[in-house]
Amino acid sequence: TLPSIIQIDHNGNMAYGYIPENRKGQIIRYFKQATFTKVNMGQSKKEATCFSIWYLAYILFDLEEKYGTEFVIQMGVPTDGGHYESQKQLAVSILASAYKLVEEVFENDKILFLNCKALDLLEKTDIVPYSKNIKEEYGMLVFPEAYACLMPLISSSKIATGMSLMVDIGGGTTDISFFTINNNKPQVFDFMS
């Protein structure tokens with residue numbers, strides 16, 4: 001329902017999500033993949049990270065408008081067991097940076113955010129360094145994409161007990177997890193993106 005798309009027009013105006021067909025400008029996709037993997041999507045790591053922050057800020061504005069601020073964000077990141085900790089820290093940093101834009105920089109004014117041009121937004125974007133305190137302050141949970149959706153599937157009894165292999169072929173990555181389910185809890189043996 002929310003395509004991960006950003007558009008910057010020739011005047012530096014930003015648009016997020018569904019872009020009207022008649023609107024012209026540079027379309028930016030796959031910024032999350034470019035942020036968390038080594039795949040070159042035509043963006044530098046810094047650009048991809050900023051695009052990820054801006055898009056998440058856009059989503060946060062909508063979520064807070066609809067649900068208030070009493071929710072927990074869970075984010076899946078493409079990773080394997082050897083890189084999970086660093087990817088988790090990067091995800092928390094990006095989420096905290098998006099929250100900072102929404103709450104401190106734009107003071108919950110979505111219209112002001114949407115009217116901010118790309119170069120101005122770049123100046124206003126500070127990448128918040130990872131800390132356990134910042135993770136807990138905002139109540140963020142970060143999981144490997146390979147099994148981020150397991151808990152809802154398990155709680156709705158959609159997965160049988162025993163050994164399972166979950167393959168999620170997404171828009172930019174394929175995420176695989178190998179797990180068993182015992183007493184309605186997953187035991188993940190391996191995962192990769």
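Predicted model: local features only at pLDDT ≥ 70, side-chain atom pairs only at ≥ 80, totals over all residues.
Trainee: What is the volume of the largest pocket, and which lining residues are closest to its centre?

Mentor: Its volume is about 960 Å³. Of the 31 lining residues, S4, K32, Y55, G76 and E145 are the closest to the centre.

Trainee: How do the residues of the lining divide into nonpolar, polar and charged?

Mentor: There are 17 nonpolar, nine polar and five charged residues in the lining.

Trainee: Let's turn to D9. Where does it lie?

Mentor: D9 lies in the loop between β1 (6–8) and β2 (14–16).

Trainee: Why is D9 called buried?

Mentor: Buried means under 20% relative accessible area. D9 comes out at 14%, so it counts as buried.

Trainee: What makes R23, K24 and G25 touch partners of D9?

Mentor: A contact needs heavy atoms within 4.5 Å. D9 touches R23, K24 and G25, leaving aside residues up to four places away in sequence.

Trainee: How do you know that the D9 side chain makes a polar contact with N13?

Mentor: The cut-off for the N or O pair is within 3.5 Å. The side chain of D9 reaches the backbone nitrogen of N13 at 2.9 Å, so the pair is inside that cut-off.

Trainee: And how many Å separate the C-alpha atoms of D9 and T174?

Mentor: They are separated by 31 Å, with the two residues 165 apart along the chain.

How values were computed:
Residues numbered from 1 in each chain as written. Heavy atoms only, no water. Helix = DSSP H or I, 4+ residues; strand = E, 2+ residues; numbered from the N terminus. Buried < 20%, exposed > 50% of the residue type's maximum accessible area, 1.4 Å probe, protein only. Polar contact = N/O pair within 3.5 Å; in protein donor to acceptor, adjacent residues only side chain to side chain. 1 Å grid on protein atoms, 1.4 Å probe; cavity = no way out; pocket = protein on both sides within 12 Å on 5 of 7 lines; lining within 4 Å. Points joined across faces, edges and corners; volume = space filled by probe spheres on them. Nonpolar A, V, L, I, M, F, W, Y, C, P; charged D, E, K, R; others polar.
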